[in-house]
Amino acid sequence: MTDEFEREIRTRLHSEAEEVELSSAQRQRIMAAAAVDNPRGKWLRVAAPVFVFGATATLLLLAVVTHVPQVGPRNRSAVGPGETPSALSSSASPAPTGASPAASPSTEPFQCDAASGSIPGVANQVITVRVAHRGSFDRLVFEFGGPGTPSGAVAYSLGTQHSTTFTQDGSGLPVQLGGERGAQLTLRNATDVAPQPERDQKPGYPALVEVRDVGNFEAVNTWAIGLNGTGCYQLHVLTAPTRLVLDWQVP
Amino acid sequence: MLSKLSMQGTSTRAATRDARFAALVDLNGTHMLRLAVLVTRDRVLAEDVCQEVFVRAWRHLDDLGADAAGWLSRVTVNEAISACRRRNRFAGLVQRFGILSRSPGGIDTDLRLDLANALDRLSPEHRAVLALHYYGDLSVEETARAAGIPVDTAKSRLKAALREMRRLTGKEAQ
């Protein structure tokens with residue numbers, strides 16, 4: 001029951017998120033805000049108030065000197081009309097307000113060879129395939145679920161290849177994916193369910209370029225993955241709900 | 001001649017910096033905006049948050065290493081929580097002076113809220129961990145890192161957020 005409720009929350013959050021896209025107008029606003037904050041303009045931002053303050057102070061002092069003749073020479077020399085109050089220079093370097101950049105999210109090494117294994121006690125439908133860019137890696141998530149009781153283990157095997165040409169199951173036709181190299185994930189005792197997951201996603205991330213369903217027959221579900229960079233990855237099996245997670249190393 | 005070369009170098013560096021920043025916005029902008037919307041539940045506020053975070057990113061662009069996306073997520077979540085607090089403080093003031101009449105009290109047990117309304121009623125801190133864990137597909141440890149909180153705090157917040165969601169949706173007895 002907990003699994004089901006958490007899945008409902010996950011689905012809800014994803015569906016809400018997918019309605020949101022960064023519009024070109026918003027992008028322009030961000031670029032404009034950054035341009036205003038340009039370090040090349042920092043001198044102007046710092047110097048302008050200093051200049052205004054200094055000029056005002058100078059004018060005031062001139063006025064005092066001009067209209068109060070009894071002020072002695074010692075006092076006049078203490079703050080002369082051409083001097084700038086030195087205390088102002090200490091305010092010229094504001095401290096950064098943002099948090100410092102964090103370390104890499106995972107310290108585990110990336111592996112580059114083929115991998116295989118099994119996920120026991122899992123419902124055997126691939127109900128969602130998600131992608132996300134995470135800085136030092138691009139994440140590809142296969143989520144398992146579906147009605148009924150788990151029907152045994154799902155066996156997975158991941159192979160890497162130098163080309164991005166794959167073979168479509170059934171037709172035998174070549175399938176060309178984006179990227180410089182490829183990987184193929186085969187899930188046995190598993191099937192994917194229409195209309196989800198999306199059968200061809202082209203996120204165009206630094207490492208993960210494309211992921212495409214190239215076979216779904218007799219409980220053998222095959223996914224082709226187009227990649228840039230090393231083609232090395234970390235593989236995780238997460239629970240609640242069960243997910244097979246592939247983190248592709250960003251070049 | 002020397003100053004001309006120096007100026008050319010400066011403008012090249014500036015152009016490279018601009019291009020790096022544009023790539024950062026293109027690669028992470030939608031994800032950050034989505035994260036901010038999920039925490040704030042307010043598109044306009046989320047856009048403000050997103051813009052503020054990117055301006056900070058612009059200032060720190062030279063310090064952002066390989067984990068720029070992690071830094072952006074963490075700052076976005078924290079800025080979104082702060083924005084919610086500011087909004088709530090303002091709403092509290094408005095309510096105090098009697099302009100709004102809605103009671104912030106507990107939910108009627110007969111009223112079964114759907115998930116969206118239940119999410120609206122969560123605290124921004126709870127929404128943040130739910131968004132990172134369930135929308136971001138992050139493990140508990142990664143959620144803690146992304147939110148800038150200890151792992152134990154992330155665990156307890158997740159647990160509390162789920163408990164509150166069950167209570168609000170009337171699923172606590174199941």
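**Figure 1. Salt bridges and polar contacts link chain A to chain B in this predicted model.** Across the interface of chain A and chain B there are 8 salt bridges. One pairing is between the side chains of A:E16 and B:R41, which form a salt bridge with an N to O distance of 2.4 Å. Polar contacts across the interface of chain A and chain B involve 19 residue pairs, with both residues at pLDDT 80 or more.

**Figure 2. The side of chain A that touches chain B draws on helices and strands.** Four elements of chain A each supply at least two residues to this side: α1 (2–18), α2 (24–36), β2 (125–133) and β3 (137–145). The largest share comes from α1(A), with 12 residues. By residue class, the side of chain A that touches chain B divides into 22 nonpolar, 15 charged and 12 polar residues.

**Figure 3. The contact between chain A and chain B, seen as a whole.** Chain A brings 49 residues to the contact, and chain B brings 54 residues. About 4700 Å² is buried between chain A and chain B. Carbon and sulfur atoms give 60% of that buried area.

**Figure 4. Helices α6 and α7 of chain B cross.** Two packed helices are described by the angle between their axes and the distance between the axes. The axes of α6 (residues 140–147) and α7 (residues 151–169) of chain B come within 8 Å and cross at roughly 105 degrees. An angle of 65 to 115 degrees counts as roughly perpendicular, so α6(B) is roughly perpendicular to α7(B). On the α6(B) side, the residues that meet α7(B) are B:V140, B:E141 and B:A144. Their counterparts in α7(B) are B:V151, B:A154, B:K155 and B:L158. The residues of this contact of α6(B) with α7(B) comprise 5 nonpolar and 2 charged, with no polar ones.

**Figure 5. Helix α5 of chain B packs against α7(B).** The axes of α5 (residues 124–135) of chain B and α7(B) lie 9 Å apart, at an angle of about 100 degrees. This angle makes α5(B) roughly perpendicular to α7(B). From α5(B), the contact uses B:E125, B:H126, B:V129, B:L130, B:H133 and B:Y134. From α7(B), the contact uses B:R157, B:L158, B:A160, B:A161, B:L162 and B:M165. The residues of the contact of α5(B) with α7(B) divide into 8 nonpolar, 2 polar and 2 charged. B:L158 of α7(B) takes part here and also meets α6(B).

Notes. Residues numbered from 1 in each chain as written. Chains lettered and ligands numbered in written order. Predicted model: local features only at pLDDT ≥ 70, side-chain atom pairs only at ≥ 80, totals over all residues. Heavy atoms only, no water. Contact = heavy atoms within 4.5 Å. Buried area = accessible area lost by both parts, 1.4 Å probe. Salt bridge = Lys/Arg side-chain N within 4 Å of Asp/Glu carboxyl O. Polar contact = N/O pair within 3.5 Å; in protein donor to acceptor, adjacent residues only side chain to side chain. Nonpolar A, V, L, I, M, F, W, Y, C, P; charged D, E, K, R; others polar. Axes fitted to C-alpha atoms, helices over the stretch in contact; angles between N-to-C directions. Parallel < 35°, antiparallel > 145°, perpendicular 65-115°, else oblique.
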